[in-house]
Amino acid sequence: MLHEQELKTFVEGTTNFFEVTAQQPASIGSPYLMEGSPAVHEYTGVINISGKRQGVVYFTAPKAMLTVLLMKMQENDFSHETMRDLVGEVANMISGNARRDFGRDFVISVPSVLSGEKPQLPQKPGMRSFIIPINWRSHSAKLIVSLT
Amino acid sequence: MSNSNANAMNGSTKRCFKLMIVDDSNLMRRRIERSQQFEDLQLVGTAGNGVEALELFKKTDPDVVTMDITMPRMDGIECIGQLVALKPAVRILVISALADKATAVEAMERGANGFLNKPFTDRQLNEAIAELMR
């Protein structure tokens, strides 16, 4: 069972990135639960978690959102590699927040990145995920928390 | 024209510091390079991991280093110790998403001089570098 405080840590790690880096806060949509493999956008940052909890946290965003975010960061390179770097950095910051709040009981991996048209998220059968929509300007990304 | 050349031509004696940026993300390296606003800080190179950073450090002898922690091949903590062993006077600013105290303490114990959490604003970066160069 995912605790509210744990969810809050992951959400804050994500929204803090938008607020500080883009100087424009993101808002949170209504979270929902789903079973099975959630659909993701073109770019996804992945953090594996073990120790006291087992599972995965994903930040997945569409290319259009990342492009605007890069513009807000005064970045001129909108290549595939830069998009991957950007979702990797967001995942990195979610991971950093989690380490600070959860301590050494949670073993949090170095973030990795998935990209492409329809990347499939590896999901254990019966595993349920919390999906938290992250809305920023006219775009929407998702934070997916799958922990047991 | 580089700052050091400009200073030489003006007869200025103002010291120019050499900067090296270490981060495994190209995006973050460019961000730090673009955001730092010190005329007397000249970028001598960037590296994507600790091993590259050590090689570049030996070639360019920087005075100021910004250092990520989580990197492939050699992480920032290990790299800081090696850089300080090569040049004890080097000033190192850790710029990392690892927000826990233990990481900051470990970096300081290895010889880092400052710690800036990601994400950061341009102002926070420049204040941290100014503190480092004081």
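Biologist: Which handedness does the β-α-β unit made by β3(B), helix α4 and β4(B) of chain B have?

Modeller: Keep in mind that this is a predicted model. Strands β3(B) and β4(B), the latter covering residues 91-96, pair in the parallel sense over four bridges. Helix α4 (residues 76-86) belongs to the unit along with these two strands, and the unit is right-handed.

Biologist: What is the bridge partner of B:Val65 in β4(B)?

Modeller: β3(B) is also joined to strand β1 (residues 17-22) of chain B, again in parallel, by four bridges. There, B:Met20 has B:Val65 as its bridge partner. Over in β4(B), the partner of B:Val65 is B:Ile92.

Biologist: Okay, and which residues are buried on the side of β3(B) that holds B:Val65?

Modeller: In a regular strand, side chains alternate between the two faces of the sheet. Strand β3 of chain B, residues 64-67, is covered on both faces, with B:Val64 and B:Thr66 buried on one side.

Biologist: What radius of gyration does chain A have, next to that of a compact globule?

Modeller: The C-alpha trace of chain A spans about 40 × 30 × 30 Å along its principal axes. Contacts between residues 24 or more positions apart make up 68% of those with a separation of 6 or more. For 148 residues, a compact globule would come out near 15 Å, which agrees with the value for chain A, 14 Å.

How values were computed: Residues are numbered from 1 along each chain as its sequence is written. Chains are lettered from A and ligands numbered from 1 in the order in which they are written. This is a predicted model: local features need pLDDT of at least 70, side-chain atom pairs count only at pLDDT 80 or more; totals for chains, interfaces and linings use all residues. The radius of gyration is taken over C-alpha atoms; the globule rule is 2.2 Å times the number of residues to the power 0.38. Two residues are in contact if their C-beta atoms, placed from the backbone, lie within 7 Å. A residue is buried if 20 or more other C-beta atoms lie within 10 Å of its own, exposed if 12 or fewer, and partly exposed in between; C-beta atoms are placed from the backbone. Two strands pair if DSSP finds at least two bridges between them. A crossover is right-handed if, with the strands pointing away from the viewer, the path from the first strand over the helix to the second runs clockwise.
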